[in-house]
Every structure is written in C-alpha cells, then in structure tokens.
Amino acid sequence: MEDELTDEQWAMIQPLIPKQIGPGKPRADDRETLDAILYVMSAGCRWENLEKTLYSHHYSTAWRRLRRWEEDGTWKKILDAFVSKGYSLGIVKMDELSIDSTTVPAKKGEGRLAMTVTSTSRGRRFMR
C-alpha cells in the first residue's frame, strides 16, 4: 500500500519503539502495527474498518499501541527524530513552520470551560 512505511523510515523508527518486556505471547509485528495505525489516521476510517483491509488482525492491537505509545512518549520521540533529520537535511526551517489548531466550544450549561492540549499539557482544563 502507498501509505506503508518505507524501509528508510522504518530504520529510523524501529530503535525508538519500546521492546516487549517479560514473558508471554510474542506481540504482533511492530512495523505492521504501525502501518495499520497510519492507515487509520490517513484514511480517517474507524478502527473496526481495519477488518476489511490487509491489517485486519491488528485492529485492537493497533488501537492499544497508539494509546500506549501516546502515554509513554514514543510518538514524541519519533516526531523529534524526523524533525531533527529534517533540520540536518535543510528540509525543515524554523521560519517556515506553522501550528494548526482546533477550537471546540464548551457544551451548553458547562460555563466557559475549555480544554487546551499541547505537547506538555496533557489536556489542561481552565475557565475563560
């Protein structure tokens, strides 16, 4: 599939993926699982829709790994590695970066409660 990782991308990411710790059933292949996560993110489909693709055996595994890697900082390490590589190649330039954000209004009756999510905040709530 065109959304799958290239060998070069996988070579950068593989050392950053946490290894399986302890005994137990060998876990699903990390590269295939990451490809399944990227498929859902790029296609915008539901996790259950993976059953209709070649990633069908990874639908619950992919969702769990997405969450686990989010919580343990793996995604940040991967992003930092690619940004660093981009800087070293001259592809990423600070004067050409932008940040995209989305604002979601609070539901009626909840006052002016809003949630701000940044790379360090983990979803802080505040009153406006």
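**View 1. R31 is partly exposed, at 21% relative accessible area.** On this scale, buried is under 20%, exposed is over 50% and partly exposed falls in between (1.4 Å probe, protein chains only). A quick word on what you are looking at: this is a predicted model, where local features need pLDDT of at least 70 and side-chain atom pairs count only at pLDDT 80 or more, while totals for chains, interfaces and linings use all residues. Residues are numbered from 1 along each chain as its sequence is written, and side-chain values use heavy atoms, with hydrogens and water left out. R31 has a partner here: its side chain meets that of D7 in a salt bridge, 2.9 Å from N to O. A salt bridge, here, is a side-chain nitrogen of Lys or Arg within 4 Å of a carboxyl oxygen of Asp or Glu. The pair ties together distant parts of the chain, with D7 in helix α1 and R31 in helix α2, 24 residues apart. Helices (H or I, at least four residues) and strands (E, at least two) are DSSP runs, numbered from the N terminus. D7 counts as exposed because its relative accessible area is 57%.

View 2. Helix α2 covers residues 30-43, and D35 lies in it.

**View 3. R65 is a buried arginine in helix α3.** The helix runs over residues 59-71, and R65 has a relative accessible area of 3%, so R65 is buried. Its side chain makes a polar contact with the side chain of T33 at 3.3 Å. A polar contact is a pair of N or O atoms within 3.5 Å; within protein, one must be able to donate a hydrogen and the other to accept it, and residues adjacent in sequence count only if both atoms are side-chain atoms. R65 also belongs to a network of salt bridges with R27 and D30. Neighbours within four places in sequence aside, R65 is in contact (heavy atoms within 4.5 Å) with R27, A28, D29, D30, T33 and I37.

**View 4. The largest nonpolar core has 16 residues.** Such a core is a set of buried Ala, Val, Leu, Ile, Met, Phe, Trp, Tyr and Cys residues joined through side-chain atoms within 4.5 Å. I13, W47 and L50 have the most contacts inside it. Helices α1 (7-13), α2 and α3 each give two or more residues to this core, and α2 gives the most, with 5. Zoom in on W47: neighbours within four places in sequence aside, W47 is in contact with I37, V40, M41, Y59, A62, W63 and L66. In soluble globular proteins, nonpolar side chains tend to be buried together.

**View 5. Two further salt bridges join E70 to R67 and E48 to R46.** The total for the model is 6 salt bridges. For E70 and R67, the closest N and O atoms are 3.3 Å apart. Both belong to helix α3 and are 3 residues apart, which means about one helical turn separates them. E70 is partly exposed at 40% relative accessibility, and R67 is partly exposed at 33%. The side chains of E48 and R46 meet at 3.9 Å, N to O. Here E48 is partly exposed, at 35%, whereas R46 is exposed, at 55%.
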